[in-house]
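Welcome! Let's take a friendly walk through this structure, a few helices at a time.

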Amino acid sequence: MLTLLVDLRKSRFTSIDYNIIPAVAKDKILLQTVTKMTENAVIPPQTMAHAVVLTDTKEGILHWKAAGLPVIALSHEGNRDEDLMESPWLVLSLEALTPEYLLEVHHRCYGIPMTVASSKRCVFRELIPEDLPYILALDQEQEENSAGRFFRETDTTPEDTLENYISCQYPFYGYGIYAVFQMERVEFLGLAGFYPWGSCPDHLLPDGEMKEIFFGRENPESRVEIGYVIKKSARRKGYAREWILALTDYARQTLGFDEVVARIPAGNRASIRTALSAGGRFRSRPGSQRLS
């Protein structure tokens, strides 16, 4: 269980106000009030290891960052004169402190990968450096210049590319490509997740013509692209449809996207049928309703 350490020095919030924090209301977070006079030593080590601090002053941010804790800054009418930019996390109201948000702040601070979704048989979690052998083996199964390859022709090593992806993609976008594991055997099955719309250059998309299949409500202003690659030994077992259903639901319910788009080579009729069976639809334009 996470502990939310509340160190508010310029607010007039009361214990009644704290009850509106969704995390507290759901009994998923232990709430503990501290002050600027609190010494780190009086907080049990086990609490420190699972704590996130909420403060509203620059002094508080610096104090708790020096203690090695993740710190969320709260901006309100009483602290407009405070410089809160020392914290990468800022909220404007207590309602923003959901269990999911606090868990993300905690994990980002300590470099813990987030498990973002699950399906009937699989779990989806953020990539970690230790996934490199899995990804390299998966890339070897793909054709040269295939869009299914994780690593492209770059000046950096696969190790550096993966570490840069982990450190930049998830914190900046809030989503990305995930490692997928079979639950019971904890077996790596492949990669699946999201790209910012339009970020994959057309020359990396194989077979020329692509079929675009969309899920949800068409909205160019709230759109993300979905992709997935399954290792050969796990194909033809129904995983693709299962992954699409889990990830499109995650994209809409958690990430807040109205529209999820899959771009599939026109010649890959099996993948197109799978996407359609998972609730996808062709775009409304001439010729787009045909598989070939």
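Are H6 and H7 roughly parallel or roughly perpendicular to each other? Keep in mind as you look that this is a predicted model. Two packed helices are described by the angle between their axes and the distance between those axes. Here, helix H6 (residues 132-140) packs against helix H7 (residues 158-173) at an angle of about 110 degrees, and their axes are 11 Å apart. Angles of 65 to 115 degrees count as roughly perpendicular, so H6 and H7 are roughly perpendicular to each other. The crossing of H6 past H7 is right-handed. On the H6 side, the contact is made by Leu 132, Ile 135 and Leu 136, while H7 brings Pro 158, Glu 159 and Leu 162. Sorted by class, five residues in this contact are nonpolar, one is charged and none is polar.

The buried residues of H5 are Pro 99, Leu 102, Val 105, His 106, His 107 and Arg 108.

Our last stop is Ile 244, in helix H8 (residues 239-253). Buried means under 20% relative accessible area, and Ile 244 has 2%, so it is buried. Leaving aside residues up to four places away in sequence, Ile 244 touches Phe 215, Ile 226, Tyr 228, Thr 274, Ala 275 and Ala 278. Ile 226 lies 18 residues from Ile 244 along the chain, and their C-alpha atoms are separated by 8.1 Å.

Note on methods. Residues are numbered from 1 along each chain as its sequence is written. This is a predicted model: local features need pLDDT of at least 70, side-chain atom pairs count only at pLDDT 80 or more; totals for chains, interfaces and linings use all residues. Side-chain values use heavy atoms; hydrogens and water are left out. Buried means under 20% relative accessible area, exposed over 50%, partly exposed in between (1.4 Å probe, protein chains only). Helices (H or I, at least four residues) and strands (E, at least two) are DSSP runs, numbered from the N terminus. Axes are lines fitted to C-alpha atoms, for helices over the stretch in contact, and angles run from 0 to 180 degrees between N-to-C directions. Angles under 35 degrees count as roughly parallel, over 145 as roughly antiparallel, 65 to 115 as roughly perpendicular and the rest as oblique. A crossing is left-handed if the near helix is turned anticlockwise from the far one by less than a right angle, and right-handed if clockwise. Contact means heavy atoms within 4.5 Å. Ala, Val, Leu, Ile, Met, Phe, Trp, Tyr, Cys and Pro count as nonpolar, Asp, Glu, Lys and Arg as charged, and the others, Gly among them, as polar.
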